[in-house]
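Keep the sequence and the 3D view open as you read.

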Amino acid sequence: MGTFVVTGSASGMGAASAERLRAAGHRVIGVDLRSADVIADLGTPEGRRGAVREILERSGGVVDGVAAVAGVGPNLKDAAAVASINYFGPVALLDGLHQALERAEAPRVVVISSNSASTVPLIDDTLVELLLAGDENASRERATEAQSVLPPTLSESSPSISAYATSKLALAHWVRRTATDPEWGRKGILVNAIAPGAVLTPLMTGSTSAAEELDPDSFPTPMPLGIFGEPRDIAFWVEQFLRPEARFTTGAVLYVDGGTDAAIRPDAQPTALRP
C-alpha cells in the first residue's frame with residue numbers, strides 16, 4: 001500500500017478520490033483549506049511552500065502519488081485568484097514534491113483539468129503563454145484584464161470563465177510537456193490529466209442555475225448521455241491513473257464528461273500529423 005496526496009480532499013471530486021484510495025488500503029494525506037490533514041491555501045506561494053513542507057514531514061519524504069484535484073470555478077469573482085489556484089497551485093505543489101515522488105517505486109501523478117479547456121470559446125492565448133512561462137504576477141494581471149472586457153451578462157453569471165478555461169488548458173499543456181521531460185519521464189514519474197465535464201460538485205452547483213443542475217437537456221453544452229457526472233465517476237479514473245499497473249500511460253488527457261467534448265468537436269482528435 002502506498003502514500004498518496006490528494007488536494008481538494010474536503011469536498012467534491014477530491015473527497016471522493018481520497019475515499020476511494022483509503023478504501024483500497026492506501027494512506028491518504030489530504031490537503032485543503034479546511035477539514036484536511038494539511039490545511040493550506042494553494043492559491044498563494046506561502047501556502048504552497050507550507051503544504052509541501054508538511055506533506056514531506058508526514059510522508060517521510062516518499063510520496064507514491066499525487067492527485068491534484070483542488071480548484072475553483074468560473075463563478076469566482078477574482079479572476080486573478082482563479083489563475084493562481086487552478087494553475088500555479090498544482091504546478092508548484094508537484095514541483096515541490098518531485099524528489100519525494102522520485103523516491104517511490106511507481107510514482108504517479110494525476111491532475112484535474114477540465115473539458116472547458118476545449119469547449120469554452122474564451123481562451124486567452126496570451127494568458128496561456130504567461131502561465132506556462134511561470135510568471136504568476138503577469139498572469140494574474142492578464143486574467144484581471146480579460147475579465148474586465150467580458151459582456152455584462154456573462155460577467156454576472158461566470159465572471160472568471162475566461163481565466164478558468166484558460167488556466168485549465170494551460171494545465172493540460174503543462175501535463176503533456178512535463179510527462180515527456182526526462183526529469184519526470186525517465187525518472188519513472190508518470191503524469192496524466194483528467195478533463196471532467198459537468199459533474200455535480202459544489203464547484204459546479206455554485207456555477208450553474210438550479211434548472212440546469214436538474215435537467216441535463218437544458219445545460220449550456222451538449223450532454224449526450226442525458227445525465228450529469230458524479231464525483232465518484234472522476235474518482236474511479238483518479239485511482240486507475242495512480243495504480244502501479246498504469247505503467248505505460250503518461251501525457252494523456254482523458255475526457256470524463258459524458259461525451260460533451262466529442263459532441264462539440266467530433267473530429268478534433270486524434271489529429272493527423274501533417275508533413
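Predicted model: local features only at pLDDT ≥ 70, side-chain atom pairs only at ≥ 80, totals over all residues.

Strand S4 (residues 65–68) runs parallel to S5, and 4 bridges join the two. Strands here are DSSP E runs of at least two residues, helices are H or I runs of at least four, and both are numbered from the N terminus. Two strands count as paired if DSSP finds at least two bridges between them.

Residues are numbered from 1 along each chain as its sequence is written, and side-chain values use heavy atoms, with hydrogens and water left out.

**The sheet**

In what order do the 7 strands lie in the sheet? The order is S3-S2-S1-S4-S5-S6-S7, in an open sheet with parallel pairing. S3 and S7 are the edge strands; each has a single partner, so one side of each lacks a neighbour in the sheet. Strands of a sheet pair through backbone hydrogen bonds, either parallel or antiparallel.

| Strand pair | Bridges |
|---|---|
| S1 (residues 3–7) and S2 | 5 bridges |
| S4 (residues 65–68) and S5 | 4 bridges |
| S5 (residues 108–112) and S6 | 5 bridges |
| S6 and S7 (residues 253–256) | 4 bridges |

Phe4 stands opposite Val28 in S2. Arg108 faces Leu190 in S6. Ile112 has Ile194 of S6 as its bridge partner. For Ala195, the bridge partner in S7 is Tyr255.

Is S5 mostly covered or mostly open? S5 is mostly covered, with 5 of its 5 residues buried. Buried means under 20% relative accessible area, exposed means over 50%, and partly exposed lies in between (1.4 Å probe, protein chains only). On one side of S5, Arg108, Val110 and Ile112 are buried; on the other, Val109 and Val111 are buried too. Note that Arg108 is on this list of buried residues.

S6 (residues 190–196) gives 7 buried residues of 7, so the rest of the structure largely encloses this strand. Both of its faces are covered. One side carries Leu190, Asn192, Ile194 and Pro196. The other carries Val191, Ala193 and Ala195.

**Loops and a cis bond**

Asp257 sits in the loop between S7 and H14. Its relative accessibility is 9%, so Asp257 counts as buried. Which residues does Asp257 touch, leaving aside those up to four places away in sequence? They are Asn115, Ala195, Pro196 and Gly197. Contact means heavy atoms within 4.5 Å. Arg186 is 71 residues from Asp257 along the chain, and their C-alpha atoms are separated by 31 Å.

Ser35 lies in the loop between strand S2 (27–32) and strand S3 (38–39). Its phi is near 50 degrees, a positive value in a residue other than glycine. Ser35 has 63% relative accessibility, so it counts as exposed.

Gln269 and Pro270 are joined by a cis peptide bond, with omega about 0 degrees. Pro270 falls in the segment after helix H14 (260–264).

**The whole chain**

The chain holds 14 helices and 7 strands. Its radius of gyration is 18 Å, close to the 19 Å that the globule rule gives for 275 residues, so the chain is as compact as a globular protein of that length. That radius is taken over C-alpha atoms, and the rule is 2.2 Å times the number of residues to the power 0.38. The C-alpha trace spans about 50 × 50 × 40 Å along its principal axes.

Buried residues account for 50% of the 275. Of the contacts with a separation of 6 or more, 73% link residues 24 or more positions apart.
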